[in-house]
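Have the viewer open as you read.

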Amino acid sequence: MKHRIVVLGAGYAGSFTAGNLARGLSPADTEITVVNAEPDFVQRMRLHQLASGQEVAAPPLTDVFAGTGVRLRVARVTAVDPERRAVAVADADGGGELGYDTLVYALGSQAADHGVPGVPEHAFGVAGRPSALRLRGRLERLDDGGRVLVVGDGLTGIETATEIAESRPGLSVTLAADGELGARLSVRARAHLRRACERLGVTVQEHATVTAVEAAGAVCADGTVLPADVTVWTAGFTASPLAAAGGLEVTENGRIVVDRTMRSVSHPRVHAVGDSVHVLGDNGHPLPMSCASAGCTGRQAVNAIIGRLTGREVANAKLTYLYNAISLGRRDGILQWVDGDGAAKPWCVGGRKAARFKSGVIGGALWGTRHPTMGLPRRRRRLATAPGAPAGDGGRVSA
């Protein structure tokens, strides 16, 4: 009987992991199924561009996995039961259950409202494609002079505010920072960020801790009111609650606690990758939620699963975080190196070079996703695409 591998989520981490498992394992011995709520691959790193009105490619997952032997199930995961080794899903046909021998949990993260009143009712977001499209539609209905408030000055907030300001110069954009703008960046990078905000006309409100969001703006802890026609919430992310609900050991924000090989410390048949995983990097600190973390945790999970299924030694992938690449619109950016503790180094690059670098990172991530089995032997490609083979047929796998 084939060993059943189920991958939950087809974002950067899930797609990468599924494709590379297909490359490293024999289709005669294993069956790989990917479950994803949407039929297309979502470039999450570019959702702020999508929201601002730009066109962003969303290749069909059937194309992504064509010729790999990977089965695609377009469905929403509703529950995970690691004791029974089963996953409950819902789709247009009603849903069902998928059994597994090995589970890869890659459901990513979602916006965290931190319990701030009014966020679910009044705020927009860019954490998912539906929310980014909803924000895009709202921005398109604003007249010139419309006020946009972006809450949160992490990397997502900075990129969202500058992208909207550049793409829609008729709007008035304000960025609300909890402390000093770009506090985690180096002195040079902070100075470059301020100049970019000034050039793009982004008003920065520092030390503005938002405690409530209303239909007409946001209220800060000191009573200051920040008026807005549209409020965009980018003040942090949290993991899906499904892992905790299923009894997996998780952190306070829902990330699955794993060992060095990405295997759950409470349920060894489960591996976690990407934003869903809590793991200490080589520097002794937890890896942040990021595309870079998706790559290295995915590589480690692939090494571990293939090693254990084939009886080989499990190789350790590097778990490092070297830099932050921040876009400031399409023609400007910041490349900030970090040290072993994750703190900003003094040296950084700003301007068009940094923008091109970030664009290259995003393009490379998309290329890697669309070619997950680059180097797969030709014979296996022929087998995967032979008549009757399950790969890339776009169908739903019966539960």
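His-192 sits in helix H7, which spans residues 187-200. Helices are DSSP runs of H or I with at least four residues and strands are E runs of at least two, both numbered from the N terminus. This is a predicted model, where local features need pLDDT of at least 70, side-chain atom pairs count only at pLDDT 80 or more, and totals for chains, interfaces and linings use all residues. Residues are numbered from 1 along each chain as its sequence is written, and side-chain values use heavy atoms, with hydrogens and water left out.

Is His-192 buried or exposed? His-192 is buried, because its relative accessible area is 16% (buried means under 20%, exposed over 50%, partly exposed in between, with a 1.4 Å probe and protein chains only). Leaving aside residues up to four places away in sequence, His-192 touches Leu-328, Asp-332, Gly-333, Ile-334, Gly-350 and Gly-351; contact means heavy atoms within 4.5 Å. A polar atom of the His-192 side chain lies 3.4 Å from the backbone nitrogen of Gly-351.

Now to the sheet. Five strands form an open sheet in the order E3-E2-E1-E7-E19, with parallel pairing; two strands pair if DSSP finds at least two bridges between them. Strands E3 and E19 are the edges, each pairing on one side only.

| Strand | Residues |
|---|---|
| E1 | residues 3-8 |
| E2 | residues 30-36 |
| E3 | residues 71-74 |
| E7 | residues 102-105 |
| E19 | residues 270-272 |

E1 and E2 pair in the parallel sense over six bridges, and Val-6 has Thr-33 in E2 as its bridge partner.

Note on methods
Axes fitted to C-alpha atoms, helices over the stretch in contact; angles between N-to-C directions. Polar contact = N/O pair within 3.5 Å; in protein donor to acceptor, adjacent residues only side chain to side chain.
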